[in-house]
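Good morning, and thank you for coming. Please look at the sequence and the structure as I bring them up.

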Amino acid sequence: MRVEKIGIVSRFDNQEALDMVKNIMEAFEDKVDIVLSPGTAQHLDIDDKCMPVEDMRDAGVELIVSVGGDGTVLRSISKMEDPLPTLGINLGTLGFLVDVQPEDALTAINDVLKGFTYTERSRLGVYLNGRALLPATNEVVLITARPAKILTFRVSVDDSMIEELRADGVVFATPTGSTAYAMSAGGPIVDPRVDASLIVPLAPFKLSARPWVVPASSRISVEMLIPEKEAAIVIDGQHSYNIKASDRVVLTKAQNPARFVSSSINGFYEKVQSKLS
């Protein structure tokens, strides 16, 4: 079924991204209804097409075109309770979540407008003292709020303690995020089709501490053990919250997954080889 309405988000602090948005609009505004995220609309001075990302699904938008890097994709997904399928145009550096190169953007969008399929990837639901925070598409990082200070914390899975650690922190990642911070910390690369969550200690002061891979349906809880130490949890590198010893962080599989428009440009294993070799 042909696509009738799309939303565009972009890095609005990047002239190349804004120029790409202009090119997309010139090429397709007669073929499809287009709305723009507020920052993009403001910088292009197109107020009549401005729409908050969180309102786009209810307004009939069928997919998001994200122009930028992985951070642009993650920011737009975080604003949607039930994320729309996203097609990423890569104007960033590494670009694991953005499949389309700028020179192929117009051709790729033209093909997608004729109809598309998408893949679903699980996200992590995050709760701080029972209060729901934004879900994580890549990872949730527990890290010291004061540089060069070590944390002491306990990690439990389904009420069974698996680690009590002194470390710089810990990364809780989805398979999508396994090629991001978790990988840099020594975690495994996990095929996004695997329904799992990763637990990867950051510089642990314990030789036996190793990464864990647990079912995505697991209930993971984190407790700080040293009262005078403050820490922060950071969601997808975008949103940060301070926590202290009396706080409790719980992670579960989020109700709604992230969705990515299927692309024939290359698969996951080819992407790992080309971007990480």
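Let me begin with a term: a polar contact is a pair of N or O atoms within 3.5 Å, where, within protein, one must be able to donate a hydrogen and the other to accept it, and residues adjacent in sequence count only if both atoms are side-chain atoms. The model before you is predicted, so local features need pLDDT of at least 70 and side-chain atom pairs count only at pLDDT 80 or more, while totals for chains, interfaces and linings use all residues. Residues are numbered from 1 along each chain as its sequence is written, and side-chain values use heavy atoms, with hydrogens and water left out.

I turn to the domains, whose bounds come from an automatic or database domain assignment. Domain 1 covers 3–120 + 256–274, and domain 2 covers 122–251. Their centres, taken over C-alpha atoms, are 29 Å apart.

How many residues of each domain are in contact with the other? Counting heavy atoms within 4.5 Å as contact, 18 residues of domain 1 meet 15 residues of domain 2. Across this interface there are 4 residue pairs in polar contact, both residues being at pLDDT 80 or more. Helix α3 (70–78), strand β18 (258–261) and helix α6 each supply at least two residues of the side of domain 1 that touches domain 2. The largest share of that side, 5 residues, comes from α3. Helices (H or I, at least four residues) and strands (E, at least two) are DSSP runs, numbered from the N terminus.

Buried area is the accessible area (1.4 Å probe) that two parts lose on being put together, summed over both. For domain 1 and domain 2 this is about 1,200 Å², with 59% of it on carbon and sulfur atoms. On the side of domain 1, L74, S78 and F268 lose the most area to domain 2, together 42% of what that side buries.

Next, salt bridges: a side-chain nitrogen of Lys or Arg within 4 Å of a carboxyl oxygen of Asp or Glu. The count between domain 1 and domain 2 is 0, whereas the count by this rule comes to 12 salt bridges. One of these pairs R259 with E120, the closest N and O atoms being 3.2 Å apart. R259 lies in strand β18 and E120 in strand β5 (residues 118–121), so this pair, 139 residues apart, links distant parts of the chain.

Finally, two residues. Y269 lies in helix α6 (residues 268–276). Not counting residues up to four places away in sequence, Y269 touches D191 and R193. The C-alpha atoms of Y269 and D191 are separated by 8.2 Å.
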